[in-house]
Amino acid sequence: MHRLRTTVVRLRPIAAPQTAKSQSQARLAAVGGALRTFQPMRSYTASVSAEPFLNGTSSNYVEEMYYAWLENPRSVHKSWDIFFRNANAGAPPGAAYQSPPPLGGAALGLANAQAMVGVQPNVEKLVEDHLAVQSLVRAYQIRGHHVAQLDPLGIMAAIDPGPPPSDIITSNDKLEFYGLDESDLDKVFRLPTTTFIGGSESTLPLREIIQRLEMAYCQSIGVEFMFINDLEQCQWIRQKFERPGIMQFTLEEKRTLLARMVRSTRSRKGYLKLGIGLISGLGDIDLTSCLTSCFLLARFEEFLQRKWSSEKRFGLEGCESLIPALKTIIDKSSMNGVESIIMGMPHRGRLNVLANVIRKELDQIFCQFDSKLEAADEGSGDVKYHLGMWHRRINRVTDRNITLSLMANPSHLEAVDPVVQGKTKAEQFYCGDTEGNRVMSILLHGDAAFAGQGVVYETFHLSDLPSYTTHGTIHVVVNNQIGFTTDPRVARSSSYPTDVAKVVNAPIFHVNADDPEAVMYVCNVAAEWRATFHKDVVVDLVCYRRNGHNEMDEPMFTQPLMYKQIKKQKGVLQKYAEKLIAEGAVTRQEYEEEIAKYDKICEEAHARSKDEKILHIKHWLDSPWPGFFNMDGQPKSMTSPSTGLTEEELGHIGHIASSVPVEDFTIHGGLSRILKGRAAMVGQRVCDWALGEYMAFGSLLKEGTHIRLSGQDVERGTFSHRHHVLHDQNVDKRICIPMNHIAPNQAPYTVCNSSLSEYGVLGFELGFAMASPNALVLWEAQFGDFHNTAQCIIDQFICPGQAKWVRQNGIVLLLPHGMEGMGPEHSSARPERFLQMCNEDPDAYPKFSAEEFAVRQLYDCNWIIVNCSTPANYFHVLRRQILQPFRKPLIVFTPKSLLRHPDAKSNFDDMLPGTHFQRLIPDSGPVCEKPDGVKRIVFCTGKVYYELTRERKNRGMDNTVAIARIEQLSPFPFDQVKVETDRYPNADLVWCQEEHKNQGYYDYVKPRLRTTVDRTRPVWYDQPPSLTPLCFVLKVFSLLSHVCMCECVFMYMCV
Ligand SMILES: Cc1ncc(C[n+]2csc(CCOP(=O)(O)OP(=O)(O)O)c2C)c(N)n1
């Protein structure tokens, strides 16, 4: 680019007469004699730097020639061949060059050239001519997309390139930029190796060069790729778009297509399908299926409009080519061996994609419009344009099985992106698809959302990370040049909505969506790109939105001129059909017959949909778990087995956790001490927090459960307690993961530090957890405080996922929590927010039998929230997550100071067979002996327990104050709390927490405690409210608050 701008050159043909010589010399003088030694030729015996044409700007070009000549002397022009030979033979300065032979007479030219030794040639002009051609070609490759005919409306609202780039030949007067005029157009030039416009020709007249560049880069397709820093990839793309004839179809070819189309139209299936590879120009594009898809789509939307004119459906009119685009990508990917495609998309065109791409039965879609239908299952029936779908079918083009899943998603635009990626990664992982050859993802985007939503960027940044890559996603942007009522010029600062993709060097193919053939072409290339390079690629369908944001919206309020233009715009189907009719590829009668036929299909489906009495949300499941539930979709049992382990298992896992299970591996001295400490604990049959986690993970792995722990710095652990990945201190990047050395047939353990993202990474892990119920997938926040940048995933997916989409998920969130003087942003995982979103009724005591109480509660809840105070309980809750017969999200408020607290240790006895997770840990001290004498029960959760017991001891109240730990906050252990309140009939009830009254657990716990005691006793609490966890900023405050808290808890006792 720099060279392009700074080089003021004249484009002259290779065989041009010498008349430009004086001008060239004058120009050379003007650039200040910027001669530079030509480094690559330093092996020459001749002093080539003395060659007059080797100025600063030409040296790169000469360098390219030289390397090409070194490889194959015949690959460069004869003149260069002679020059390099002479130079290598030691020709004196200025004498290595001989003027070139004329074109068309190679042998004669060579002889003439050799005869011209000693004549000073117009050398600089020759080089500049080549440079000029190269510059021209590069200009089109880099900026041709700015003048491409991308906008069907012709108003380019979505693309704001400013005036056409000055180095693109948009009119003859632009030739001047290169020092050319119209008389040069018919002169012949040699093409550089970085273009394929010549096809089999290596030279072309300038007029033809420009025309071919225009064809390649400035028609309905605008290609952005020159920022890619990989030569092979750039060359690949150049080939795909520059080769002559790629986008040309003869009438004969179309007639052949028509004949076959008519035949297959009349076939039993009534499907307008043609074989692959019929059109030489398009390679394997099926033109008629393009027409068919547009046709289906347009009729489908038209049908919905006719039947439910006052319903929102977020129709696709204006971007009808989306459907053939997706079908092309799917067909091509299936051809390349892909068996499963996971898709995520927003509202626009969703019903159409379900009907015509995924092939959901039309009657099932239509009955979604019937508001009177009752849901058969628990799903609360999210809006129809949010539901997901899973479908396995035969791909008609390839005759191979393909599974298509469209992920259910919330209204929150782009939130589904990382979820799709996570699920894709999981499917790849479980089928051993390490390259992404069998499973892939497609993400659809709106232009405004793609540019505006940060999660798009976060998702792109996962695309090339070893533990997160899905080996290339195809992104399709429905770029209708508007977001609701907002114009692109006020909605983004980038030229295109797709610029975000450049961060990962993804090529971007802009295409005019009113040109279905061009759309098909780029989609084919996109699918091939993904199959070849396993990298992301973007197809930007530049289109328009026929109606308002939804069908009820008036767009003329805000975009009057745009919508005047849209009203005049013919639909793409009509345009394309007219084109094919005019070309004779299809007759009007055939076209109209197809319309009637599809309308009939829709009408019949509509009639069938009226017979539906019940809405089955389960039919819209995007991730079925075959074999996990019984035939009715219920858990196979309703018992929770013991989560304990044998002494031997505990010992074995403890041994692995405290050793380095590979030879010649040097670990850090500090880590050696940690491992020794672990070994000592194992010897004493106790566990700290890290060891408890090890026991849970190690045993599940041994039992065949895959575990994936992801998040920032999880491998070591933010608090340096975990150390699941050991690093050899002497060998770079040599690591050891002892957890993968537990047993010969164990499941794999994936532990991965993530990018510094919460929204993207949590979404990803949620998607991963969707793929299989037989994996423990955990995401750990660095500090619990940071989870709120992923709030959307928590609020829209994790909390209500099952209620909205009948979809269970067993993801685990580990959220370090606790007021430990680390400042307002390193203290609180905001338990109050999670608790507020529990679906349990605080005022109703659950009516379950005692035996089933715990498991029934778990089955009914939307998520499980725990704050464990012991390593053993943490161990049990992790194991229960997999051993229970259904899946619920698990939120764990994890400790910081307890990681190393001398009292926060568990004995192996608490983890042996028969033991299990304790939802409530009752006081087992002196209070048990004389419960009637207990004046107060203090209920608490988490680390505060240790502070309270210490304080109780200090105050000599071990006999009068009972302390009960509520380890499982939600579902609330009503039954076990009741046991405690009954046990101490004379005690008043206090809730204790270190958080302020408006935070933490109080608002959640209080009504439940009251319900448990039938509102016969009050619940005390005395901390003032606060806006932030601010009073715990400094250690001293923390201390004060501790004193204050203990005062509150114990003060009434002194009275
Ligand atoms: C995260 C989020 N913010 C705001 C909205 C409200 N909203 C719904 S559609 C829309 C415009 C989307 O424009 P675009 O991405 O271009 O898609 P289009 O509707 O044009 O297809 C907005 C702002 C939303 N759904 N999600």
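Two parts of the protein count as being in contact when heavy atoms lie within 4.5 Å. Helices (H or I, at least four residues) and strands (E, at least two) are DSSP runs, numbered from the N terminus. The structure here is a predicted model, where local features need pLDDT of at least 70, side-chain atom pairs count only at pLDDT 80 or more, and totals for chains, interfaces and linings use all residues. Residues are numbered from 1 along each chain as its sequence is written, and side-chain values use heavy atoms, with hydrogens and water left out.

**The eight-stranded sheet**

Let's begin with a sheet. Strands of a sheet pair through backbone hydrogen bonds, either parallel or antiparallel. Two strands count as paired if DSSP finds at least two bridges between them. Here 8 strands make an open sheet with mixed pairing, in the order β3-β10-β11-β9-β8-β4-β7-β6. β3 (221-224) and β6 (389-395) sit at the edges with a single partner strand each, so one side of each has no neighbour in the sheet. On average, neighbouring strands are turned by 20 degrees against each other, direction ignored. For angles like this, axes are lines fitted to C-alpha atoms (for helices, over the stretch in contact), and values run from 0 to 180 degrees between N-to-C directions.

Inside the sheet, β4 (residues 340-344) and β8 (residues 439-446) run parallel and are joined by 5 bridges.

Helix α17 (residues 516-533) lies across β3, β8, β9, β10 (508-512) and β11, at about 165 degrees to β10. Helix α11 (residues 322-335) touches β4, β6, β7 (400-406), β8, β9 (473-479) and β11 (537-542), and its direction makes about 165 degrees with that of β8.

**Around the ligand**

Which residues are closest to the ligand? They are R348, S411, D447, A448 and A449, out of 15 residues that surround the ligand (a residue counts if one of its heavy atoms lies within 4 Å). Helix α15 (residues 447-452) gives the largest share of this shell, 3 residues.

The table shows polar contacts, meaning pairs of N or O atoms within 3.5 Å.

| Residue | Protein atom | Ligand atom | Distance |
|---|---|---|---|
| S411 | polar backbone atom | nitrogen | 2.9 Å |
| L413 | backbone N or O | nitrogen | 3.1 Å |
| N480 | polar side-chain atom | oxygen | 3.0 Å |

On its own, the ligand has 580 Å² of accessible area, and the protein covers 73% of that (by the Shrake-Rupley method with a 1.4 Å probe).

**The five-stranded sheet**

Another open sheet has 5 strands in the order β23-β25-β24-β27-β28, again with mixed pairing. Its edges are β23 (920-921) and β28 (1019-1020), each with a single partner strand, so one side of each is left without a neighbour in the sheet. β23 pairs with β25 (residues 961-966) in the antiparallel sense over 2 bridges, and I921 stands opposite R965 in β25. Helix α30 (residues 944-954) lies across β24 (936-940) and β25, running at about 170 degrees to β25.

Most residues other than glycine have a negative phi, and most peptide bonds are trans. H471, in the loop between α16 (454-462) and β9, has a positive phi of about 60 degrees although it is not a glycine. The peptide bond from S970 to P971 is cis, with omega near -5 degrees, and P971 is in the loop between β26 (968-970) and α31 (974-983).

Definitions and conventions: A polar contact is a pair of N or O atoms within 3.5 Å; within protein, one must be able to donate a hydrogen and the other to accept it, and residues adjacent in sequence count only if both atoms are side-chain atoms.
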